[in-house]
Amino acid sequence: MKIGNRFVDLPIIQGGMAVSVSTAELSCAVANEGGIGVIGATGLSLEEVKRQLQEARAMTKGILGLNIMVAARNFKDVVYESLRQKVDVIIAGAGFSKDVFGICREWKTPLITMVSSVKVAKLAERLGAAAVIVEGRDAGGHLGTEEKTEDLLPAICEAVSIPVIAAGGFIDGQGISRVMELGAAGVQMGTRFLLSSECTVHDNFKELLMKSKISDLVRILSPVGLPANAIKTPLVEKLLAGDESIRPENCRGCLKRCSGSFCILDALLRARNGDYERGLFFTGSNFPAIKKIMSVKEIIGNLLEEAKSCMAGTTKPSPNS
Ligand SMILES: Cc1cc2nc3c(=O)[nH]c(=O)nc-3n(C[C@H](O)[C@H](O)[C@H](O)COP(=O)(O)O)c2cc1C
């Protein structure tokens, strides 16, 4: 996979995960295996973004990215801080900003944008995106579509000539080889890497995903104004019931626009810190297929094995699931 003028040995991007879910430890582990390791910058202060990038840079010579949600109020400040820190690639999620293309062009840093339609993919290419990530309804984090990635992919691959990366529900080599056959240049994976030894979230987060069933997964409407897949926790039940008691008492104004139904920053931070009662636990919908927490090295080793055996037509059961 080629992003800007850099070749990526392993066509795998570890998806940026907000509020300290994907931190320096996880992103370095992925970058050291030849993929793109991504720090999730949403919910971090500029000082924290700087520290995370510096920590990560000290631990890897691989490719490091930074993901920031366009919906975040400090979006542009974070982009500038990460450019000053010489991040290798910027990934803009949850929304679309035309301005960021000009900024990244000026700093000669590749920009990847999340898309869920041919129209937006073509616009991103015209504005100078180095690649696009097509994310369907099975993904963790905020969703821009109700369609499956595999259904969106062929038309988008046909419409643009920049690399198209598939995201949403991929956990094994079979999924990777399937989307590569459909024309994807690579895959972005979030939940599989959240359930790795290097991910620094509280063990309660990982254990909750490991013991939950597909019937525990619900679709919520985030205060950002976008739907998202989350585990049904007491906070989520209150949200679905329209309980006003979860409305924030204080607001830090972290989003450009917020419905105020609850404080997403606090809820994601509580999940990160393992608070089942009051946390919001985002996950991709394929989480029940993951049976084991493994190191990034093992996960990637298995992905390669599986993808190779798929290509050779000798598909084996996935050790990653
Ligand atoms: C806990 C969590 C937090 C996420 N935060 C972000 C984010 O801040 N920005 C973003 O663009 N995507 C975010 N995502 C989406 C991932 O980057 C990735 O695209 C997605 O997880 C892919 O789907 P999968 O989890 O099924 O692999 C998040 C996903 C999860 C599970």
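How many bridges join β4 to β5? 5 bridges join these strands, which run parallel.

## Basis of the model

This is a predicted model, in which local features need pLDDT of at least 70, side-chain atom pairs count only at pLDDT 80 or more, and totals for chains, interfaces and linings use all residues. Residues are numbered from 1 along each chain as its sequence is written.

## Strand β4

Helices (H or I, at least four residues) and strands (E, at least two) are DSSP runs, numbered from the N terminus. Two strands pair if DSSP finds at least two bridges between them.

A residue is buried if 20 or more other C-beta atoms, placed from the backbone, lie within 10 Å of its own; it is exposed if 12 or fewer do, and partly exposed in between. In β4 (residues 36-40), 5 of the 5 residues are buried, so the strand is largely enclosed by the rest of the structure. One side holds Ile-36, Val-38 and Gly-40, the other Gly-37 and Ile-39, and both faces are covered.

## Helix α7

Helix α7 (residues 173-181) has Gly-173, Gly-175, Ile-176 and Val-179 as its buried residues. They cover an arc of only 160° around the axis, which puts them on the same side of α7. The arc is that of the directions from the helix axis to the C-beta atoms.

The elements that cover these buried residues include α6 (149-159), β9 (164-167), β10 (186-189) and α12 (296-311). After α7 comes Gly-183, with a positive phi near 115°.

## Two domains

The chain is divided into domain 1 (2-200 + 290-311) and domain 2 (203-287), with bounds from an automatic or database domain assignment. Taken over C-alpha atoms, the domain centres are 22 Å apart.

Contact means that the C-beta atoms of two residues, placed from the backbone, lie within 7 Å. In these terms, 24 residues of domain 1 are in contact with 22 residues of domain 2. The side of domain 1 that touches domain 2 has 12 nonpolar, 10 polar and 2 charged residues. Ala, Val, Leu, Ile, Met, Phe, Trp, Tyr, Cys and Pro count as nonpolar, Asp, Glu, Lys and Arg as charged, and the others, Gly among them, as polar.

## The ligand shell

The ligand is surrounded by 31 residues, and the closest are Gly-15, Gly-93, Gly-140, Gly-190 and Gly-284. A residue is near a molecule if its C-beta atom, placed from the backbone, lies within 6 Å of it. Two or more residues of the shell come from each of β5 (63-69), β10 and α8 (191-194). The largest share, 3 residues, is that of α8.

By class, the shell has 12 nonpolar, 16 polar and 3 charged residues. Domain 1 and domain 2 each give at least three residues to the shell.
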